[in-house]
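Dear colleague,

I am handing over the structure below, and I would be glad if you could read the notes on its pockets and its sheet alongside it.

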Amino acid sequence: MSTQSSFFSADHDDDPYASSHAGERALNRAIVTAEISRGYEEYFAIFDRFYAEDVETTTDTGEDPVRGKASVFAALLNFLIPLHVMAEVGGLAVSIRETPIPGDAADETQSAWTLELAGASGKTCTINWRTFRKWNGAQVIHEHHYDHKQVGGPLTFDDLSFNTVIPINELRSA
């Protein structure tokens with residue numbers, strides 16, 4: 001994957017449609033090109049850049065809305081840190097793809113997402129969902145996740161390679 005860490009400008013204040021759709025493309029490109037096995041900090045920078053202080057996130061799973069950047073950040077942290085550890089140490093392969101869903105409403109965008117997880121055992125799990133975003137200029141003020149689907153069962157500890165033995169001579173040379 002790319003190691004590019006720059007962001008793209010989404011400032012088109014004179015045209016709400018152009019602004020939200022440019023922001024959507026830039027945000028999604030940044031998410032797709034970030035690499036979770038390198039660390040989770042890149043995702044935090046993306047979140048900080050693209051999401052408003054008063055952002056609200058919802059889902060169709062019946063959970064309560066999460067309001068405010070700090071609360072959404074905490075939820076993101078609870079997802080990304082374990083994913084990073086499983087990718088960096090446990091041999092989990094992670095791939096994410098995004099497909100835009102055409103729309104014609106100013107300040108609103110939608111996209112379809114696919115997250116593929118492959119354990120060191122070869123077992124896979126694919127998670128699909130759709131995202132609706134409401135924009136205010138170049139920042140997301142509301143994000144709703146819906147239409148969740150999972151193909152394959154959840155990966156377990158046995159699907160990862162945490163118990164790889166490192167020869168003692170490699171430890172001494174480090």
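The lining of the second largest pocket has eight nonpolar residues, one polar residue and no charged ones (nonpolar: Ala, Val, Leu, Ile, Met, Phe, Trp, Tyr, Cys and Pro; charged: Asp, Glu, Lys and Arg; polar: the others, Gly among them). Among these lining residues are M86, C125, Q150 and P154, and the pocket holds about 150 Å³ of space. A pocket here is an open set of points on a 1 Å grid over the protein atoms alone, where a 1.4 Å probe fits, with protein on both sides within 12 Å along at least five of seven lines, and lining residues have an atom within 4 Å of a point. Points are joined across faces, edges and corners, and a volume is the space filled by probe spheres set on them.

This is a predicted model, in which local features need pLDDT of at least 70 and side-chain atom pairs count only at pLDDT 80 or more, whereas totals for chains, interfaces and linings use all residues. Residues are numbered from 1 along each chain as its sequence is written, and side-chain values use heavy atoms, with hydrogens and water left out.

The largest pocket has a volume of about 1200 Å³ and is lined by 37 residues, with L76, F79, W129, E143 and H145 nearest its centre. By class, its lining has 24 nonpolar, eight polar and five charged residues. Helix α3 gives the largest share, six residues (helices are DSSP runs of H or I of at least four residues, strands runs of E of at least two, numbered from the N terminus).

Six strands form an open, mixed sheet in the order β2-β1-β6-β5-β4-β3, where pairing requires at least two DSSP bridges between two strands.

Best regards
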